[in-house]
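Colleague: I would like to learn how to read a protein model. Can we go through it feature by feature?

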Amino acid sequence: MKGYPSTHIRNVGLVAHQSAGKTSLAEAMIFNTGATSRLGTIEAGNTVADYHPEELKRKSTVNTSLLACEWKNNKINVLDVPGFSDFFGEVCSTVRVADSLVMVLDAVAGVEVSTELIWELADEHKTPLIAFVNKMDRENADFYKAVDSMGILTRDIVPVQLPIGKEAGFSGMVDLVAMKAYKYDGGKATEIAIPADMQDDIDHYRELMVEAAASADGIDEEITMKYLEGEALTSEEIISGLKAGVRHGQIVPVLCGCATKNIGVDKLMDMLVDYAPSPLDHLEEGADAKPVSALIFKTLADPFVGKISMFKVMSGKLKENSALYNANKGVDEKVAQLFTMQGKTQVGLPEFAVGDIGTITKLAQTTTGDTLTTKDSGIVLEGIAFPEPTLLVAIAPKSKNDEDKLGSAINRLLEEDPTLRYEKSAETKQTVITGMGDAHIDIVIDRLQRKFGVAVDKVETKMPYRETIRGSAQGVEGKHKKQSGGHGQYGHVKIDICPDPENDFTFEEKIFGGSVPKQYIPAVEKGMRESLAEGILAGFPVSNIKITLVDGSYHDVDSSEMAFKIAANLAFKKACELAKPVILEPVYDVDILVPDQFMGDIMSDMTTKRGRVLGMEQQGKRQLIHAQAPLAELSRYTIDLRSITQGRGKFTMKFARYEEVPANLADKIVAAAKAEKE
């Protein structure tokens, strides 16, 4: 593959709801360019785009794949993106670097949940869109119904093709711009006469197309006036208007086809070359003359090749064997070889023009979202906004060997997955990973085993409960006295205990007359602090208490720091028992963004989760619900919310405070803790 100037590059993200056929479309595109000699299928597991073991196992895309192909003296960088909502982070990174998106729709289902969510993201980024109604050969496939379903979306939906035949009889399409008809045989198009029975539909949709082209943003005003005055527009004028509308994010041309039979895919590729913007349409003017800068938008951790970093050149020209600088981390990086990718196949290229997309291997410290540039350029590129993961799952290594390797393996996965979180909980002593959903977590566990040989099990997630007191107790005594020949042990303290809502722990001493010598008071405080680690109800850490050392006694020979620490521990336990101990649970602020029609269901469900709705506000077509709920009820809320809202809702959560657990639940927690201890 040769290098291409920026004007002849198209960076295209293939996006869709799961199973709409994007990967089959990508396969047909790369097959049409001659880069592969056979048309692979998802069922056979031999597509160029889906090559990772987890993709072959699940028969669906999990990672964004780069498929660079050449078409009519242009380079099309195709980014095949997962459609499943658990991997929405991949969509976010692709939208950051793609100059246009092809939204693939199933001709039977039309607009689906992920179609809406990705479309919203494209609107936020003002990314041009082209729609491709796929699977036109399916039973019940209906192009016109699919187009109508797009009416709930933004932008002007403009069919530029109409299908010839339907379902198993689908054979080609009418091009409404060129006013030509094409029939396909073995993926090859042959021009035929326009079917006479389609003339009414052709006239109707062509008029809608011409109207959209004539009113597009950025079009020459003379063309608009010509249309308004009733004059016919030439094909060149229509094309000019459609191009302007696409590039301004106003018009979405709709095409049709069948990727698995390679029908209409060549026409889509023609449209990408002719209508989709080049990188220069989105980059700052003069970007090609500035110092080199590249954004790393995806990282793959390969146990054999090492780290593979996907980049987009945002300014200047990126050349192999360059010494660059990571502007985010302040470290130097050596860029040796540069590659473009066709699935897993690397194709070496000595340099990449501004706007081009490729890969670098073995960057030492650079991760997703980082900027590579020259040391003195001062360039730091805007990173990528990823969704926050919200599904908490505890994992446990299966063996001591797995435990030893787990930390480093997880850190490798964190490098390639910005939507994964990892924590070794100090309170529960569990390893907790947080992901986007069950499928995401399962794939993380698969990758730990397959890539790094670390086997783990999912285990029940323990809640970081705490204990505190609601009452007070005075003069509680703790005495440690032991005589065993020679020096004995003697420590004796009296304490007052009370709640302290403002602090985790406060220690004071009010000793008069030296009943506890000054040198032992730090040991008493240390004994109290160590006692906080395990409460008397269920063994959870104790917080929000104040201890005052008020009295005690000592022995000239037998007293020691250790004796006073033990005495402090005894007094602490007695005092807690007397001061109405209770269990606390973490409560989180929850912001839930949902379409209006799900408001009632969400608020009802929040009540069943012991939650409180604090308020709501309108955000576009959605409602933002502010609520609070215990973490114990939220650990699976990702799944629940997806079910209630058919995948259209999303939420974030943030720790608010600890609150007392209701008595009936506290009894169950105490019983479970005692059973586990036994």
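Modeller: Start with a helix. In α4, V113, S114, T115, E116, L117, I118, W119, L121 and A122 are buried. Keep in mind that this is a predicted model.

Colleague: Which residue just after α4 takes a positive phi?

Modeller: That is K126, with a phi of about 55 degrees.

Colleague: Now the whole protein. How many helices and strands are there?

Modeller: The protein has 16 helices and 34 strands. Along the principal axes, its C-alpha atoms fill a box of roughly 110 × 60 × 50 Å. Of the 678 residues, 55% are buried.

Colleague: On to charges. What can side chains of opposite charge do?

Modeller: They can pair when their charged atoms come close. The cut-off for a salt bridge is a nitrogen-to-oxygen distance within 4 Å. By this rule there are 44 salt bridges.

Colleague: Where do R470 and E660 sit in the chain?

Modeller: Take the contact before the places. R470 and E660 form a salt bridge, 2.9 Å from N to O. R470 is in the loop between β26 and β27, while E660 is in strand β34. The two are 190 residues apart, so this pair links distant parts of the chain. R470 is partly exposed, at 45% relative accessible area. E660 is also partly exposed, at 38%.

Colleague: Which parts does the salt bridge between K677 and E534 tie together?

Modeller: The side chains of K677 and E534 meet at 3.3 Å, N to O. K677 lies in helix α16 and E534 in the loop between α12 and β30, so the bridge ties together parts 143 residues apart in sequence. K677 counts as exposed because its relative accessibility is 66%. E534 is partly exposed, at 44%.

Colleague: How far apart are the closest N and O atoms of E509 and K518?

Modeller: They are 3.4 Å apart, and the two residues form a salt bridge. E509 is partly exposed at 30%, and K518 is exposed at 59%.

Colleague: Which residues are linked with E54 in a network of salt bridges?

Modeller: R447 and R450 are linked with E54 in that network.

Colleague: Which residues form a negative surface patch?

Modeller: D197, D200, D201 and D203 form it. D200 belongs to helix α6, residues 199-214. Exposed means over 50% relative accessible area. D200 has 66%, so D200 counts as exposed.

How values were computed. Residues are numbered from 1 along each chain as its sequence is written. This is a predicted model: local features need pLDDT of at least 70, side-chain atom pairs count only at pLDDT 80 or more; totals for chains, interfaces and linings use all residues. Side-chain values use heavy atoms; hydrogens and water are left out. Buried means under 20% relative accessible area, exposed over 50%, partly exposed in between (1.4 Å probe, protein chains only). Helices (H or I, at least four residues) and strands (E, at least two) are DSSP runs, numbered from the N terminus. Patches are made of residues with over 30% relative accessible area and no salt bridge: like charges are joined within 9 Å, nonpolar side chains (Val, Leu, Ile, Met, Phe, Trp, Tyr) within 5 Å. Accessible areas come from the Shrake-Rupley method with a 1.4 Å probe; for residues, only the protein chains shown count as cover. Lys and Arg count as positive and Asp and Glu as negative; His and the chain ends are not counted. The place of a charge is taken as NZ of Lys, CZ of Arg, CG of Asp or CD of Glu.
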